[in-house]
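Subject: Structure handover

Hello,

Here is the structure for you to look through. My notes follow below it.

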Amino acid sequence: MTSPLSRRSVLGAGVAATLPLFGCASRGDGAASLGRVVVVGGGYGGATAAHYLRLWGGAIDVTLVERDAMFVSCPLSNLVIGGHQQMADITRPYGALEALGVKRIQAEVAAIDAARKQVRLADGRTLPYDRAVIAPGVDFVPGEVEGLAGAAAQQSILHAWKAGPQTLALRRQLQDMPDGGVFALTIPPMPYRCPPGPYERACLVAGYFKQSKPKSKVLLLDANPEIQSKKVLFERAFAEHYQGLIEYRPNNELKQVDAATRTAKFDFDDVKADVLNVVPPQRAAELVRSAGLVNINNRWVGVHWLTMESTAAPGIHVIGDAVFGAPLMPKSGHLANQHAKVAAAAIIQLLKGEPINPTPVMANTCYSFVTVSEAIHVCSVHQYDVAEKTFKVMPGGGLSSAANALEGRYAFSWAQNMWADMRLA
Amino acid sequence: MLVARCSQRRRRPDRRPREARTWAATRSLAVAALAGAAALAYAQDAQLGRNLAATCANCHGVDGQARGDLIKPLAGMPAERLITALAGFKSGALPATVMHQIARGYSDEQVRAIAAYYAAQPAAR
């Protein structure tokens, strides 16, 4: 670990070393550039980082590498699964980011080479960087649930935990399910992406059943001992709106699936479902694993919180769900956006050879729908703690007093403004 | 005007945490030769407000330019108005869905920096 003194010394040395370089650096075309930043991943974290590097940094060459042609939002995607929104409502193009001067490359990243400071694409191209921002999201831990990797299981047992084709596919499975069927949703052990997400999904699927298939049932099988977010509010929603429609079972960790019979196997019993929706156990995406950046619990990336720079490799800033969160910091799209702004501000200062912000702040507001119109929130403010070198949650954050329609409208407003903050609208 | 602002800033007792003060000293030393300490201090203040205001942008829009008709645009709002509103949220005097909780996470000094930043932004484009 670096002591405060040596960290300051290192930064001081960095200032001295980089100033002469960047002070007169210029490209062949005569335009001075502060440096090259490659952003990998165009989700809540990556798109925000690309936006703010351009917005605040000016003359920085920003390249965004993203495998998909369009952004699809996980937040609001449970409304598509419940039948209240279309895919088009949660899909946004990257054109506005490009208009701001972000060079976008639609490609798969093969590797990050920290030693050579290069991002290598699957098609063989290499992208050199002065600093990289990696926002890779999560991958599912292979082998953790027996039988899930098989071809039949991959086809029929969906996660829909990365918004996209599976979101719509799960909607179709629910539409095809006969009335009187069972929808079983399994929740992995914490930490996983979007802690309240599974409980919101249970509400919205139950709402669909209530309306269209009233003899059907939602079975919520949680590996954790209790509801992991907005607990009292979800319990109230289950009781007020979905009595007899949602059955919640804590301490049920999925061990195995049988795709042929759509059976989920736990320690003590088996559950047969008509639609089986497995949210698998998660860890930082394979890209950062193979780059050697996963250094906490063999699952997550450790970062220096002032800069979001990896504790394993200098020059690589990792943001979003792949990061091992600070205390009480959930894996949310909102926080990925906030990680991105801390990273962007720090990178600009580092490229300029100027001191970084010593007291960054992050905030989180997360809405969940419990009916088609009513939402609930959890919010928090996180301030950097100089002594402990991490973000600490401030007193005051909390939950809605009750589900309400006004917050339902705020949830849509959140998405509209959030996507604009990512320069996707 | 810049100089006046900075010298005013200097006269106030420095109540920042020890490490923050050391940081300030380090950064002043590092760039004094290049940019001049006064200009830098001003830039750092402006950046502090900018960075803090960016924690509001997810809901309130980039630089306070809110989208939609539900959220009050903060761009161009007189600083005193925003400071009073946030104090009202903090104390509970102003009703809110989330702001009574979020406002409590920021110090009065941070609220002033945020308010100054938004006041300086051009009103709704």
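Chain B first. Between them, 4 residues of domain 1 of chain B are in contact with 5 residues of domain 2 of chain B. Contact means that the C-beta atoms of two residues, placed from the backbone, lie within 7 Å. On the domain 1 side of chain B, the touching residues are 1 nonpolar, 2 polar and 1 charged. For these classes, Ala, Val, Leu, Ile, Met, Phe, Trp, Tyr, Cys and Pro count as nonpolar, Asp, Glu, Lys and Arg as charged, and the others, Gly among them, as polar.

Keep in mind that this is a predicted model: local features need pLDDT of at least 70, side-chain atom pairs count only at pLDDT 80 or more, and totals for chains, interfaces and linings use all residues. Residues are numbered from 1 along each chain as its sequence is written, and chains are lettered from A and ligands numbered from 1 in the order in which they are written.

Now the interface between the chains. Here 41 residues of chain A are in contact with 33 residues of chain B. Five elements of chain A give two or more residues to that side: helix H1 (4-23), helix H10 (333-352), strand S24 (361-369), strand S25 (375-385) and helix H11 (405-421). H11(A) gives the most, with 11 residues. By class, the chain A side has 20 nonpolar, 15 polar and 6 charged residues.

Chain A as a whole has 11 helices and 27 strands. Both are DSSP runs, numbered from the N terminus: helices are H or I with at least four residues, strands E with at least two. The C-alpha atoms of chain A fill a box of roughly 70 × 50 × 40 Å along the principal axes. The radius of gyration of chain A is 22 Å, which agrees with the value near 22 Å for a compact globule of 425 residues. That radius is taken over C-alpha atoms, and the globule rule is 2.2 Å times the number of residues to the power 0.38. Buried residues make up 52% of the 425 residues in chain A. Buried means 20 or more other C-beta atoms within 10 Å of the residue's own, exposed 12 or fewer, and partly exposed in between, with C-beta atoms placed from the backbone. Of the contacts in chain A between residues at least 6 apart in sequence, 68% join residues at least 24 apart.

One helix pair in chain A is worth a look. Helix H2 (residues 44-57) of chain A packs on H10(A) at an angle of about 35°, with the axes 8 Å apart. Axes are lines fitted to C-alpha atoms, for helices over the stretch in contact, and angles run from 0 to 180 degrees between N-to-C directions. The residues of this contact divide into 12 nonpolar, 6 polar and 1 charged.

Finally, some backbone points. The peptide bond from A:Met190 to A:Pro191 is cis, with omega near -5°. A:Pro191 sits in the loop between strand S11 (182-187) and helix H7 (197-212) of chain A. A:Leu328 is not a glycine, yet its phi is positive, near 60°. A:Leu328 counts as exposed, with 12 C-beta neighbours inside 10 Å. B:Asp63 is not a glycine either, and has a positive phi of about 55°. B:Asp63 is partly exposed, with 19 other C-beta atoms within 10 Å.

Best wishes
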